[in-house]
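I opened this notebook to record what I looked up, entry by entry, for a reader who is new to the structure.

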Amino acid sequence: MFSFLKSDPTKKLRKQRAALLEKAMHAQRNGDIRTYSRLSTEAEEAYKKIQEIEASEERK
């Protein structure tokens, strides 16, 4: 009934992923490829979590 009051469970993950991608971009521009690689991997893991949450919501 009050579904509009429920928060989006992926909102925090999307924000975290965007921040990680931005940090990764800056690391790449500064030539720090190891940090870029680590941050990109973390961003990819966050994206997988988002996809899992959305897939489980569709099944309901």
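**Entries on a helix pair**

I began with Leu-21, which is found in helix H1, where helices are DSSP runs of H or I with at least four residues, numbered from the N terminus. The model is a predicted one, in which local features need pLDDT of at least 70 and side-chain atom pairs count only at pLDDT 80 or more, while totals for chains, interfaces and linings use all residues. Residues are numbered from 1 along each chain as its sequence is written, and side-chain values use heavy atoms, with hydrogens and water left out.

Next I turned to the pair of helices. H1 covers residues 11–29 and H2 covers residues 33–59, and they pack at an angle of about 160° with their axes 8 Å apart; the axes are lines fitted to C-alpha atoms over the stretch in contact, and angles run from 0 to 180 degrees between N-to-C directions. H1 and H2 are therefore roughly antiparallel, a word kept for angles over 145 degrees.

I then listed who meets whom, taking contact as heavy atoms within 4.5 Å. From H1, Leu-13, Leu-20, Leu-21 and Ala-24 are among the residues that meet H2, whose side of the contact includes Tyr-36, Leu-39, Glu-42 and Ile-50. The residues of this contact divide into 12 nonpolar, 3 polar and 6 charged (Ala, Val, Leu, Ile, Met, Phe, Trp, Tyr, Cys and Pro count as nonpolar, Asp, Glu, Lys and Arg as charged, and the others, Gly among them, as polar).

My next entry concerns Thr-10, in the segment before H1, which is buried with a relative accessible area of 2%. Leaving aside neighbours within four places in sequence, Thr-10 is in contact with Ile-50, Ile-53 and Glu-54.

Last, I checked Arg-38 in helix H2, which counts as partly exposed at 45% relative accessibility. The C-alpha atoms of Arg-38 and Glu-52, 14 residues apart along the chain, are separated by 21 Å.

Key:
Helices (H or I, at least four residues) and strands (E, at least two) are DSSP runs, numbered from the N terminus. Angles under 35 degrees count as roughly parallel, over 145 as roughly antiparallel, 65 to 115 as roughly perpendicular and the rest as oblique. Buried means under 20% relative accessible area, exposed over 50%, partly exposed in between (1.4 Å probe, protein chains only).
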